[in-house]
Amino acid sequence: LTIQPTHVEKALENKIINGIFELMDDALRDDPNLPLTAFSHRRGRFYVWKEDAWEETKPGFTNELFDNMAFKFLRAYTKWEVNKPELNARTEEAQKYKMMYMKLLTTRDEIQYKRFSAWLFERIKQNVKKIVEYEFE
């Protein structure tokens, strides 16, 4: 997943989770066949494609995914910041903005983890009944 400046800006508008939502939406739109899925009858469980079958992820998978993307956002922010002269000024105001942005990008809590997991499940879940009906028609 490639984090664009628009994703960083979205995260800085409110919270990092908004940037992650936008990043994942873009990734799913660009490649709807990502090796990650969920099935409607197994609420909150995720599966990754490994070799030739779907394998259930371990508990905490979505938290790790969120943390991984948050780290990537932090790296993308440092590149984004270089192109913002107002943040590179050695003023008290610039330092306050930088501290505020860093806090937005590094603050994570259980609410954000749960929100991300629920959002991702709803976004990628497949209705198994429809899959089975299709396979046997």
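Glu92 and Lys96 form a salt bridge, with 3.5 Å between the closest N and O atoms; the term denotes a side-chain nitrogen of Lys or Arg within 4 Å of a carboxyl oxygen of Asp or Glu. The structure is a predicted model, in which local features need pLDDT of at least 70 and side-chain atom pairs count only at pLDDT 80 or more, while totals for chains, interfaces and linings use all residues. Residues are numbered from 1 along each chain as its sequence is written, and side-chain values use heavy atoms, with hydrogens and water left out.

Both Glu92 and Lys96 belong to helix H5, where they are four residues apart, about one turn of the helix. Helices (H or I, at least four residues) and strands (E, at least two) are DSSP runs, numbered from the N terminus. An α-helix has 3.6 residues a turn, so residues three or four places apart point the same way. Glu92 and Lys96 are both exposed; here exposed means over 50% relative accessible area, buried under 20%, and partly exposed in between (1.4 Å probe, protein chains only). Salt bridges with shared partners also link Arg43, Glu122 and Lys125 into one network.

In the whole structure, ten salt bridges are found. One of them joins the side chains of Arg108 and Asp67 at 2.8 Å, N to O. Arg108 is in the loop between H5 and H6 and Asp67 is in helix H3, so this pair ties together parts that are 41 residues apart in sequence. Arg108 is partly exposed, at 32% relative accessibility, and Asp67 is likewise partly exposed, at 27%. Another salt bridge connects the side chains of Glu81 and Lys98 at 3.7 Å, N to O. Because Glu81 lies in helix H3 and Lys98 in helix H5, the pair ties together parts that are 17 residues apart in sequence. Glu81 counts as buried, with 14% relative accessibility.

Helix H3 comprises 22 residues (61-82), which at 1.5 Å a residue should span 32 Å; the end C-alpha atoms are 33 Å apart, in agreement. The expected span is 1.5 Å times one less than the number of residues. The buried residues of H3 include Leu65, Phe66, Met69, Phe73, Tyr77 and Trp80. Viewed down the helix axis, the buried residues of H3 fall within an arc of 135°, so they line one face; the arc is taken from the directions from the helix axis to the C-beta atoms. Lys79 and Val82 are exposed residues on the face turned away from the buried side. The buried residues of H3 pack against helices H1, H2, H4, H5 and H6, contact being defined as heavy atoms within 4.5 Å.

Gln112 is located in helix H6 and is buried, at 5% relative accessibility. Not counting residues up to four places away in sequence, Gln112 touches Lys15, Ile16, Ile17, Phe66 and Thr107.

Four strands form an open sheet in the order S3-S2-S1-S4, with mixed pairing; two strands pair if DSSP finds at least two bridges between them. S3 and S4 (125-126) are the edge strands, each pairing on one side only. Helix H6 packs on the sheet and touches S1 (36-39) and S4, its direction making about 85° with that of S1. Such angles run from 0 to 180 degrees between N-to-C directions, the axes being lines fitted to C-alpha atoms, for helices over the stretch in contact. S2 (47-50) and S3 (53-56) pair in the antiparallel sense over four bridges. Tyr47 has Glu56 in S3 as its bridge partner, and Lys50 stands opposite Ala53 in S3. Two residues separate the strands of this hairpin, in which Glu51 takes a positive phi near 60°.
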